[in-house]
Amino acid sequence: MSQPEIVQSVLGEEDVVTRVHLGGEDELFVTPTRTLVYRAEGLLSDESVDEFSHAAERLSVKEGRRKAKISLDYGLDGSETFSLSAKRLDDALQPIVEGVLAAAGVTDEDGERLVQAFRFSELTFVITDARVVRHIGSAVWDEDYESYRYADVTDLEFESGSVATTVVLTVDGRQERFKIPNEQARLVREKLARALCDYHGVGSLEEFRVQMEKAQATAESADTERDNTDFGAGPDPLSANPGELSDVPANATRTEGDAPAEQSRRAAQTQSVESAPATGAVAEAKAAEAATTQSATESPAAEPSSGNVADAGDLGFEGSGFESAAESDSAGATGSDADYAELAAEIESLREVVEAQSEQIRHQQELVEQLIEELRRGR
């Protein structure tokens, strides 16, 4: 069916999605981005086309016995309203709602289509081929809405009541419930169940539930296998204490920052040595010194010599822990090098084990995520 020339000039290259007859020669043309209301020439007016963008923040309807008004609110840019016969309201409202949801980014731009929009007093319930959109309020739609994608739905039930039927959607493990009048319950059930089943590629809600149960069981099995994975023997990467790894043997060479701790340690060792085995040695040293002094007093002509100084071996110091500082430092340095080499080897081995385990965990996580994604897509 051809379009009036005035409408073609306004449309340009844009395609018409829906065309609704409004009575007489008047028509409504809906494109993906706007709605055009064509008024034919009459006795009191000339031929005209009014244009209404779908980029609205709010869509509302006022319905009377014979006439209805559709209003599009554009925020700071004001609002636009057009009237039509109340009998044509539902036919015109469906494609307009679809255009407004697409313009607002509620639905995807890659061909998602509206199945049907229902208005129940202050509840608007929109079914598309990929999701359910729910809005509560006096408006048909505004920015305060809720959307539930079929990809996240794991169950759908209907609970019948004396006046209303409750739609129960299970989404990501939680239940979303809303009531619809019993007069429309059958139609809503048919439309919603069919859209959900078509999305998941099944023939009925029973088949859909079986598919969801299998997907859940597979996911749980994958989680169990991942938790029970044996990574083999080896040191526990979480059991190592950085403070313990950084500690060095008592005879290791210290840095300047460790000087206070080293002094405390040496003082403790000196005190410990003096408290036991060195007690007798010190007493003997004092006795020898007294004897030497007495001998020097009795023989004034004798000149002091190095031979008057008591030797550590003669005083019984040998093997008592009073070795020379050079010997002690040399032994400590040798032990320190060996301990550091052994510690470095252990750390390197631990690092290799941790890296291998991390790589296995990452690979298994990728496999599980891929499996869950394919199950959601019904593959």
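F125 is buried, and F178 is buried as well. I start with these two residues; the model is a predicted one. They form an aromatic pair of the tilted kind, with 5.0 Å from centre to centre and 50° between the planes. F125 sits in strand β9, residues 123–128, and F178 in strand β15, residues 174–181, so the pair ties together parts that lie 53 residues apart in sequence. Searching the whole structure gives five aromatic pairs.

Another of these pairs is Y150 with Y199. Its geometry is edge-to-face, at 5.8 Å centre to centre and 70° between the planes. Y150 belongs to the loop between β12 (146–149) and β13 (153–160), while Y199 belongs to helix α3, residues 182–200; the pair therefore ties together parts 49 residues apart in sequence. How do the two tyrosines stand in accessibility, buried or partly exposed? Y150 has a relative accessible area of 1%, so it is buried. Y199, at 32% relative accessibility, counts as partly exposed.

Next, the sheet. Four strands make up an open sheet, ordered β1-β2-β3-β4, and their pairing is antiparallel. Its edge strands are β1 (18–23) and β4 (48–53), each of which pairs on one side only. From one strand to the next, the twist averages 20°. As a reminder, strands of a sheet pair through backbone hydrogen bonds, either parallel or antiparallel.

I will take the strand pairs in turn. Between β1 and β2 there are five bridges, in the antiparallel sense. Within that pairing, T18 stands opposite V30 in β2. The hairpin of β1 and β2 has two residues between the strands, and G24 there takes a positive phi near 65°. Then β2 (residues 26–30) and β3 (residues 34–39) pair over four bridges, again antiparallel. Here F29 has L36 in β3 as its bridge partner. What packs on this sheet? Helix α2, residues 89–103, does, and it touches β1, β2 and β3. The direction of α2 makes about 25° with that of β2.

The search of the whole structure finds 21 salt bridges. In general, side chains of opposite charge can pair when their charged atoms come close. I will go through a few.

R119 meets E63 in a salt bridge through their side chains, at 3.4 Å from N to O. R119 is in strand β8 (residues 114–120) and E63 in strand β5 (residues 58–63), so this pair ties together parts 56 residues apart in sequence. R119 is partly exposed, with a relative accessible area of 32%. The side chain of R119 also meets that of D90 in a salt bridge, at 3.7 Å from N to O. Since R119 lies in β8 and D90 in helix α2, that pair ties together parts 29 residues apart in sequence. D90, at 46% relative accessibility, counts as partly exposed.

A further salt bridge joins the side chains of R174 and E176, at 2.9 Å from N to O. Which of these two is buried, and which is partly exposed? E176 is buried, with a relative accessible area of 14%. R174 counts as partly exposed, at 42% relative accessibility.

R131 is buried, with a relative accessible area of 5%. With D108, the side chain of R131 makes a polar contact to the side chain, at 3.4 Å. A polar atom of the R131 side chain also lies 3.2 Å from the backbone oxygen of V106.

Leaving out residues up to four places away in sequence, R131 touches V106, T107, D108, E112, V126, S147, Y148, R149 and Y150. Y150 in that list takes us back to the aromatic pairs, where it is the partner of Y199.

Conventions
Residues are numbered from 1 along each chain as its sequence is written. This is a predicted model: local features need pLDDT of at least 70, side-chain atom pairs count only at pLDDT 80 or more; totals for chains, interfaces and linings use all residues. Side-chain values use heavy atoms; hydrogens and water are left out. Rings of Phe, Tyr and Trp (its six-membered ring) pair if their centres lie within 6.5 Å; planes under 30 degrees apart count as stacked, over 60 as edge-to-face and the rest as tilted. Buried means under 20% relative accessible area, exposed over 50%, partly exposed in between (1.4 Å probe, protein chains only). Two strands pair if DSSP finds at least two bridges between them. Axes are lines fitted to C-alpha atoms, for helices over the stretch in contact, and angles run from 0 to 180 degrees between N-to-C directions. Contact means heavy atoms within 4.5 Å. A polar contact is a pair of N or O atoms within 3.5 Å; within protein, one must be able to donate a hydrogen and the other to accept it, and residues adjacent in sequence count only if both atoms are side-chain atoms. A salt bridge is a side-chain nitrogen of Lys or Arg within 4 Å of a carboxyl oxygen of Asp or Glu.
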